[in-house]
Amino acid sequence: MKVKIPRGTQDILPKDVKTWQMIEEQIRQLMETFRYEEIRTPIFEHTEVFARGVGDTTDIVQKEMYSFQDRGGRDLTLRPEGTASVVRSFVENKLFSIPNQPTKLYYIGPMFRYERPQSGRYRQFVQFGVEVLGSSDPAIDVEVITLAMKIYQSIGLKNLKLVINSLGDQRSRTDHRQALIEHFRPHIHEFCTDCQHRLETNPLRILDCKVDANHPLMASAPSILDYLTDESKAYFEKVCRYLDRLQIPYTVDPTLVRGLDYYNHTTFEIMSSNEGFGAITSLCGGGRYNGLVEQFGGPETPGIGFALSIERMIAALEAEGIQLNAEDNLDVYLIALGDEARELSVVLLNEMREVGLRADRDYLDRKLKGQLKAADRLQAKQVVIIGEDEIAQGQAVVKNMETGEQTNVDLQKLTHYVKENVGM
Ligand code: HAM
């Protein structure tokens, strides 16, 4: 049987996994610095979590969900994003009643969207995201944006562009929506059928349409920034001012509407400004979603967050020619020649690993030359050679692979010696 991997998914092979692990480690470290705690929610949820949470007129819900019925007839969906699940869990587990507020959470895990696969766009991808629930201080918006920037900078990325916008409060959005309808209605027959439908259901989505992106009415569409209420405007100005204080460069783009329905006030994306990064330049996206917790039956709780995929992060690293320094060489490779030595090496290898040395040995019964070659391929820092003569003398030969220097060491002191030699 010859079976291939499903379209839009990928195997992450051992040679690449190290990069993933380093990124994940870097992220977890930053999470500690910023005091965010990890949350793990199920990979699938009741479909209504996303239909209601993300919005049932969005592309994600209408076209991209992996939905199915289980054997008990329940409608379930593989999560296409993390925010709705986190909010569901926040309400269900009453995290709002824990004294330490706001609740600052993060997650890393696979998400699933039935999208047209292309470079940087997968059907299964790993999202890292944060959600802060319980504060409507513009300073927390800026903390979240800063955090997103820091993650990219911490792995060495430089060509980043931060784009922000405000979608305002309910009033701002209602007024803007009306203006959009009036703007597009006379010419809506020139737009795709999706957009014709969106005019009634969700006119803001028209601005996000990929098919009609170049229609002249897009560029002249009413800007949300002209419809912000005084309060929304003041909120957005504070966010901008704090970013200025931190000297974080940004561009305000009133067409940044995002593809999910729960947003209001601050929205943002970080783009890669690398040439040759491909059609998809958006690395990360997020924003404020006041009202979502109430929608899930929780108490009035403002929220803000963002998510990014590790896949696009790695693509950006490649575009900037950055290689994360993934050290995976062995501390020691054990070469045993002869039956007695092979038996002893079972014990020695165990002893070395118990003290934390990265150690391995030959399991293919290779000759000395073959074993030395294997040690070389694994970039072992030291090689320990035990043959019959050595055993008779109660010693082993330790070869430093960098200098080529060889030393006879008593078997009793061997592990200690090897450990000291790698600076442990
Ligand atoms: P989103 O813009 O749909 O927002 O996705 C966020 C990020 O996930 C994107 O910027 C991109 O890095 C990555 N991403 C999305 N789709 C794919 C794909 N098919 N292949 C690879 N990477 C992908 C959200 O998901 C919101 N939940 C973000 C958020 C959190 N807003 C507030 N809190």
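This is a predicted model: local features need pLDDT of at least 70, side-chain atom pairs count only at pLDDT 80 or more; totals for chains, interfaces and linings use all residues.
A second, separate core of 43 residues includes Met 65, Phe 184, Leu 204 and Val 293.

The largest nonpolar core has 47 residues, of which Phe 128, Ile 151 and Phe 306 touch the most other members. Helix H5 (residues 138–154) gives the largest share of this core, nine residues. A nonpolar core is a set of buried Ala, Val, Leu, Ile, Met, Phe, Trp, Tyr and Cys residues joined through side-chain atoms within 4.5 Å. Buried means under 20% relative accessible area, exposed over 50%, and partly exposed in between (1.4 Å probe, protein chains only). Helices (H or I, at least four residues) and strands (E, at least two) are DSSP runs numbered from the N terminus.

## The loop at Glu 320

Glu 320 lies in the loop between helix H11 (310–319) and strand S12 (332–336). Apart from neighbours within four places in sequence, Glu 320 is in contact with Gly 156, Leu 157, Lys 158, Asn 159 and Asn 274. The C-alpha atoms of Glu 320 and Gly 276 are separated by 9.6 Å, and the two residues are 44 residues apart along the chain.

## Phe 68

Phe 68 lies in strand S3 (residues 66–69) and is partly exposed, with a relative accessible area of 34%.

## Basis of the values

Residues are numbered from 1 along each chain as its sequence is written. Local features need pLDDT of at least 70, side-chain atom pairs count only at pLDDT 80 or more, and totals for chains, interfaces and linings use all residues, while side-chain values use heavy atoms, with hydrogens and water left out.

Technical notes. Contact means heavy atoms within 4.5 Å.
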